[in-house]
Amino acid sequence: MELKEQLQRSWRVLAKWFLRIPPVPRGLTATVFFLGCAYLISHFLIGHTGGENNSALVFVLAVVFISLLTEGYIFGLVASVFGAVITNYSFMAPYDEFSLSQKGYPVTMLSMLAISLVVCALTSRVRQQAQDAEARERNTKLLFEQNQKLNEEKAAIQLQSAQETIRSNILRAVSHDLRTPLTAIAGTASVLLSTPEVSPRNVAMLQDIKSDADALINMVENLLSVTRIEDGVVPLKKREEMLEEVAGDAVLTLKRRFPLGNVQLELSEDLLYLPMDSMLIKQVMVNLLENAVRHSGDTEHIVMKLYRRDDWAVVEVRDHGTGLSDEVLEAIRDGRPLRVGNSADSTRGMGIGLSVCQSIIKAHGGFFEAENAPDGGAVFRFGLHMEEVPMEA
Amino acid sequence: MSEKRTILVIEDEHAISNFICRALSASDYKAIPAAGGKEGLSLFFSHGPDLVLLDLGLPDMDGLDVLTQLSDLPREVPVIIISARDRESEKVRALDMGADDYVVKPFGVSELLARIRTTLRRSDRMKMSQGIQRDVYKVKDLVVDIARHQVLQGNVQIHFTQNEFKILELLAIHAGKVLTYDFILEHVWGPFGSNTSNQILRVNMANIRRKLHENPSEPRYIYTELGIGYRMLED
């Protein structure tokens, strides 16, 4: 059994190797080789068995092998004819002479040729079928593999889109579930503040409730924006905007929240009309202004200035307070996120706000920088690229 | 005021509805809360309110459908939309469908009350004038004289281009109401105006602002509604 398997295996290897040769040289080689073998074997047999010989059968066998290993019928056909001729010429009396004169020779010759041809045809068909079957098998396997790969990819895509849906659902839920009660808290506090029977002591407490709720609302907006951008789940909603309108809205928002803060908006002579996600850019401005109002120690002289520098629309927020520490300046220069609540209590909340600014500007492909002004106070500056849109007006 | 004005509050969030109603009562309005669109519509017919506050995100029906049903009625009742911050297109649609104004969650009480006052005043004025247009509109020291086609700021005449004047005129006629970009484009640049780019309007507005020495951070006449449109302060 083992021997048979081994033989089968070596035959398969040999055949495979052999089949890799191009068809014509292979056919010639096989034909010459097997006819040569048949000739040698017949020669050997005739030496041992004498006149009564089986060379015709040997040559038919050679034709079988040749048909198996060559393409088409040609080589088998040629081998059949050669086989018949060689048998007659070499292995039938009179030797070394082609003769059809002996009684029965023509019949032997013709029947041998006929058998060879039939065998050749049959073998070729068997071979063709084997090849077809193999090809079918290969195709099926290929199809199966492709199908499997497609299924895997589909599953991966489905999983990813499911995750994205879940994430954006969570974002929406969080934003809704946090904003709603916070709006209600801030709103109720301001309703109470406007009722006449509240005592002065309670007024202060209510004001605290209101301003903390407002701060939390802003914090929620910040967190949502930064999650939105960094996940890349929601793309930027870019549209052309007049920068001064966004800036004006940002200043008005800040004034509503910090009525005591005095912010000047300096407009540019140029019309700064450029694509941006206005809600996010407004948030950057609000964050920078809030930062100045709450952390600079000077709420009186805050200036937001808009101007054009080359191809950049630049927004600059300047205060006249204590300025920025080296640590903060370095972090912003390296584009590193600030550590939240690192030093004094006065920087509480500053880290998140500035990180959000950095992310939003980065997502817009703009620049963000900070420095201390020579005459004191901090300067935050960010720029958005102006895309040249032809002016129609 | 002899009689309390009635305001229907269609809002499904209990907490929000509650504080709005309290704020309204404290400001001497009669507030009727409704937790859904269907309830809101039926309360509208039974109470005949003077103004409707409508949340667009309702559980039982689309807020815009409620708005359609309200604006199909012969009796014109002003509607103020309450909407989430990140749904600009919804707001614009609501305004184009006839809503008078909008507030964005999270909003403050004083802001809401100011918008309600403005809208009620505007609707009263519309009823009294019976749709007859005035010739002269005044906002603080700004006079838009439609008959004479001129604009005075503190008795000094300011020259505007044809389109700039048309924008000012349109804003003045609808003073107090938010006008969407498309609405203005269509009325100033013709029926196909909304197909032209927004830029032409925005540039004109920036020029108007410069001529009036108007800083968008301290608007005296024209408010910017970011991503939506403009509104002129009412008289």
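1. Let's start with helix H4 of chain B, residues 88–96, in what is a predicted model. Which of its residues are buried? They are B:Lys91, B:Val92, B:Ala94 and B:Leu95. These residues span an arc of only 160° around the axis, so they sit on the same side of H4(B).

2. If you check the backbone, have a look just after H4(B), where B:Gly98 adopts a positive phi of about 120°.

3. On to the nonpolar cores. The largest one holds 112 residues, and A:Met285, A:Leu289 and B:Leu54 have the most contacts inside it. Helix H8 of chain A, residues 278–295, supplies the largest share of this core, with nine residues. A second, separate core has 20 residues, among them A:Ala30, A:Leu35, A:Phe82 and A:Met112. In soluble globular proteins, nonpolar side chains tend to be buried together.

4. B:Leu54 deserves a line of its own. Setting aside neighbours within four places in sequence, B:Leu54 is in contact with B:Ile10, B:Gly63, B:Val66, B:Leu67, B:Val79, B:Ile81 and B:Ile82.

5. Next, a helix pair within chain A. How are H3(A), residues 55–69, and H4(A), residues 74–91, arranged? Their axes lie 9 Å apart at an angle of about 160°. Angles over 145 degrees count as roughly antiparallel, and H3(A) and H4(A) are therefore roughly antiparallel to each other. Their crossing is right-handed. On the H3(A) side the contact is made by A:Ser55, A:Ala56, A:Phe59, A:Ala62, A:Val63, A:Ile66 and A:Ser67. H4(A) contributes A:Phe75, A:Gly76, A:Ala79, A:Ser80, A:Gly83, A:Ile86, A:Thr87 and A:Phe91.

6. Finally, a pair that joins the two chains: helix H5 of chain A (residues 105–193) packs with helix H1 of chain B (residues 14–26). Here the angle is about 20° and the axes are 8 Å apart. Since angles under 35 degrees count as roughly parallel, H5(A) and H1(B) are roughly parallel to each other. The crossing of H5(A) and H1(B) is left-handed. From H5(A), the residues A:Thr180, A:Pro181, A:Thr183, A:Ala184, A:Gly187, A:Thr188 and A:Val191 take part. They meet B:Ala15, B:Ile16, B:Phe19, B:Arg22, B:Ala23 and B:Ala26 of H1(B).

Conventions: Residues are numbered from 1 along each chain as its sequence is written. Chains are lettered from A and ligands numbered from 1 in the order in which they are written. This is a predicted model: local features need pLDDT of at least 70, side-chain atom pairs count only at pLDDT 80 or more; totals for chains, interfaces and linings use all residues. A residue is buried if 20 or more other C-beta atoms lie within 10 Å of its own, exposed if 12 or fewer, and partly exposed in between; C-beta atoms are placed from the backbone. Helices (H or I, at least four residues) and strands (E, at least two) are DSSP runs, numbered from the N terminus. The arc is that of the directions from the helix axis to the C-beta atoms. A nonpolar core is a set of buried Ala, Val, Leu, Ile, Met, Phe, Trp, Tyr and Cys residues joined through C-beta atoms within 7 Å. Two residues are in contact if their C-beta atoms, placed from the backbone, lie within 7 Å. Axes are lines fitted to C-alpha atoms, for helices over the stretch in contact, and angles run from 0 to 180 degrees between N-to-C directions. Angles under 35 degrees count as roughly parallel, over 145 as roughly antiparallel, 65 to 115 as roughly perpendicular and the rest as oblique. A crossing is left-handed if the near helix is turned anticlockwise from the far one by less than a right angle, and right-handed if clockwise.
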